[in-house]
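Notebook open, model loaded. I'm jotting down what I look up as I go.

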Amino acid sequence: MKYLLDTHAIIWYVENSPKLPPKTKEIIKLSENNIYLSSISLWEIAIKVNL
């Protein structure tokens, strides 16, 4: 299945945050799923890092 993650989901997954539901973590981890990131999400993350 294909999933497009929003910016918060990406950040929470990378940080192993408890804010990300366990079901979502499992979806991201499953190798048969295709996980996509928006270029806008990467831009938003760059802005947050620079703050």
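Where does Asn33 lie? I find Asn33 in the loop between α2 (22–29) and β2 (34–37); helices (H or I, at least four residues) and strands (E, at least two) are DSSP runs, numbered from the N terminus.

Before going on, a note on ground rules: this is a predicted model, where local features need pLDDT of at least 70, side-chain atom pairs count only at pLDDT 80 or more, and totals for chains, interfaces and linings use all residues. Residues are numbered from 1 along each chain as its sequence is written, and side-chain values use heavy atoms, with hydrogens and water left out.

Buried or exposed? I get a relative accessible area of 12% for Asn33, so Asn33 is buried (buried is under 20%, exposed over 50%, partly exposed in between; 1.4 Å probe, protein chains only). The Asn33 side chain comes to 2.8 Å from the backbone oxygen of Ile27. Skipping neighbours within four places in sequence, I see Asn33 in contact with Met1, Tyr3 and Ile27 (contact means heavy atoms within 4.5 Å).

Next I checked Leu37, which sits in strand β2. Leu37 counts as partly exposed because its relative accessibility is 44%. Beyond neighbours within four places in sequence, Leu37 is in contact with Leu4, Leu5, Ile10 and Leu42.

Last entry is Leu51, in the segment after α3 (39–50). Leu51 has 86% relative accessibility, so I log Leu51 as exposed.

Terms used: A polar contact is a pair of N or O atoms within 3.5 Å; within protein, one must be able to donate a hydrogen and the other to accept it, and residues adjacent in sequence count only if both atoms are side-chain atoms.
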